[in-house]
Amino acid sequence: AILRLVAKDPDAWRLDTSQKHRDWTHPLAADGAVAKFAWAPFAQNVTSRLRNLFEGDDARGQGRPPIALVMGAALWHELHVDDLGEYGAALAELADALASPNLAGKVLGAGESRRGGAEGAEGALSGALSGAEGGGADESARRRTVAFWLTPSRTVPAKFTDDRKRERMTPENGDAYARVATESPLFERVAPTGRTFVVPVDLGSITASCGEECTEDGIHYAPASYDAAAQIIANALRA
């Protein structure tokens, strides 16, 4: 959906099978901008990839943090682990990674939320957008990433062909996982602005509103649902 919105190649969103469940990179319409997808189905994978993005091999030569970081993990936890406590612990570890000394100054809100940093969220967002638009070296140096979290899409078990999916990936279970995320440190409020540590994007409500006719397999939805989520993210960044 992000590629449909801002990719340089209008057909880039038509990912072939070699790009499913794999990392990929595509150039965006803005000069020099790229979208990078990292396959990380479990929250623990998100944490390890996050650390690598800012501290490891992915960060080398990059020179500045990404403008936006869009994360999400729940459906594989539902299917393969089925343990809300384990999921909550994994999200707490992710929140700790975002608030670590190495990342707190790079992710918008992390320092203020978990460590009591001095710079206000509004000033940091201004710097982030200035850096994105090609501002001076000082502006780019202090630009910080805005992090988003996608809640799980609404499942329709009646359309599953697998008994294990029908048993574990119910709408009720999905709601329970979404509640665990909402109550986790990821959604801690930042004083004094009141914004959340990570900005939530309620893909669960979006897909539920689209309805059961919008999904053929009970998990993957019509493009309009994901386009709506991508537009919410773009609007938040622009604001």
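Visitor: How many disulfides does a search of the whole structure find?

Guide: A disulfide is a pair of cysteine sulfur atoms within 2.5 Å. A search of the whole structure finds one. Before the details, note that this is a predicted model, in which local features need pLDDT of at least 70 and side-chain atom pairs count only at pLDDT 80 or more, while totals for chains, interfaces and linings use all residues. Residues are numbered from 1 along each chain as its sequence is written, and side-chain values use heavy atoms, with hydrogens and water left out.

Visitor: Which residues does the disulfide join, and why is it left-handed?

Guide: It joins C210 to C214, with S to S at 1.9 Å. The torsion about the S-S bond of C210 and C214 is about -75°, so the disulfide is left-handed.

Visitor: Is C214 buried or exposed?

Guide: Buried means under 20% relative accessible area, exposed means over 50%, and partly exposed lies in between (1.4 Å probe, protein chains only). C214 has 16% relative accessibility, so it counts as buried. Across the chain, buried residues make up 44% of the 239 residues.

Visitor: How many helices and strands are there in the chain?

Guide: Helices (H or I, at least four residues) and strands (E, at least two) are DSSP runs, numbered from the N terminus. The chain has eleven helices and five strands.

Visitor: In what order do the three strands of the open sheet come?

Guide: Two strands pair if DSSP finds at least two bridges between them. Here the order is β3-β4-β5, and the pairing is parallel. The edge strands, β3 (68-71) and β5 (199-201), each pair on one side only. From one strand to the next, the twist averages 25°. Four bridges join β3 to β4 (residues 146-150), and L69 stands opposite A147 in β4.

Visitor: At what angle do helix α4 and helix α9 pack?

Guide: Axes are lines fitted to C-alpha atoms, for helices over the stretch in contact, and angles run from 0 to 180 degrees between N-to-C directions. Helix α4 (residues 84-98) and helix α9 (residues 171-182) pack at about 35°, with their axes 9 Å apart.

Visitor: Is the crossing of α4 and α9 left-handed or right-handed?

Guide: A crossing is left-handed if the near helix is turned anticlockwise from the far one by less than a right angle, and right-handed if clockwise. The crossing of α4 and α9 is right-handed. Contact means heavy atoms within 4.5 Å; L84, Y87, G88 and L91 of α4 make it with A176, Y177, V180 and A181 of α9.
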